[in-house]
Amino acid sequence: MIVGYPGWPPVIDANTREHVRFAMSDGRRLLPCRIPIATLRDCFGDDDSEPIDLFESCQGEIEDAAGRRYARDGIANGVIDLDDRDFD
């Protein structure tokens, strides 16, 4: 089981500018995660929604999805990548 890591607040991914990065923890290590801004807007808001605000307002649901993805697929390429399918 993994849980949210409050020591790393959500940020816009500086490399892609298309994701919000956040962190989870398995109790031993930090697990970087990211969710596409398009997914945030599709699932939780609209085209004009501010990504960090959307993330923070739906953080519990997003972290639950990251936990399910991690339990199912583990961590690939050093990051837990979420997408629209994680919120069906």
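In the protein chain, confidence is lowest in strand 1, with a mean of 95, and highest in strand 2, at 98. The structure is a predicted model; its protein chain has an average pLDDT of 95, and 100% of the residues score at least 70.

Strand 3 and strand 4 pair in the antiparallel sense, and seven bridges join them. Together they form a hairpin with four residues between the strands, and in its turn Gly-27 has a positive phi of about 95°. Within this pairing, Phe-22 stands opposite Cys-33 of strand 4. Strand 4 also pairs with strand 5, in the parallel sense and over two bridges; here the bridge partner of Cys-33 in strand 5 is Ile-80. Because six of its seven residues are buried, strand 4 is largely enclosed by the rest of the structure.

The loop between strand 2 (11–12) and strand 3 contains Asp-13. This residue is buried, since its relative accessible area is 2%, and burial here is defined as under 20%. The side chain of Asp-13 reaches two backbone nitrogens: that of Asn-15 at 2.7 Å and that of Thr-16 at 3.1 Å. Beyond its neighbours within four places in sequence, Asp-13 is in contact with His-19, Arg-21 and Arg-34.

Attention now turns to helix 3. The 15 residues of this helix (residues 59–73) should span 21 Å at 1.5 Å a residue, and the expectation agrees with the model because the end C-alpha atoms are 21 Å apart. Its buried residues are Ile-62, Glu-63, Ala-65, Ala-66, Gly-67, Arg-69 and Tyr-70. They pack against several elements, including strand 1 (3–4), strand 3 (19–25), strand 4 (30–36) and helix 1 (37–44). Just after the helix, Gly-74 adopts a positive phi of about 70°.

Leu-40 illustrates the packing: when residues up to four places away in sequence are not counted, Leu-40 touches Val-20, Ile-35, Gly-45, Pro-51, Leu-54, Phe-55 and Ile-62.

Methods
Residues are numbered from 1 along each chain as its sequence is written. This is a predicted model: local features need pLDDT of at least 70, side-chain atom pairs count only at pLDDT 80 or more; totals for chains, interfaces and linings use all residues. Side-chain values use heavy atoms; hydrogens and water are left out. The expected span of a helix is 1.5 Å times one less than its number of residues. Buried means under 20% relative accessible area, exposed over 50%, partly exposed in between (1.4 Å probe, protein chains only). Contact means heavy atoms within 4.5 Å. A polar contact is a pair of N or O atoms within 3.5 Å; within protein, one must be able to donate a hydrogen and the other to accept it, and residues adjacent in sequence count only if both atoms are side-chain atoms. pLDDT is the predictor's confidence in each residue, from 0 to 100. Two strands pair if DSSP finds at least two bridges between them.
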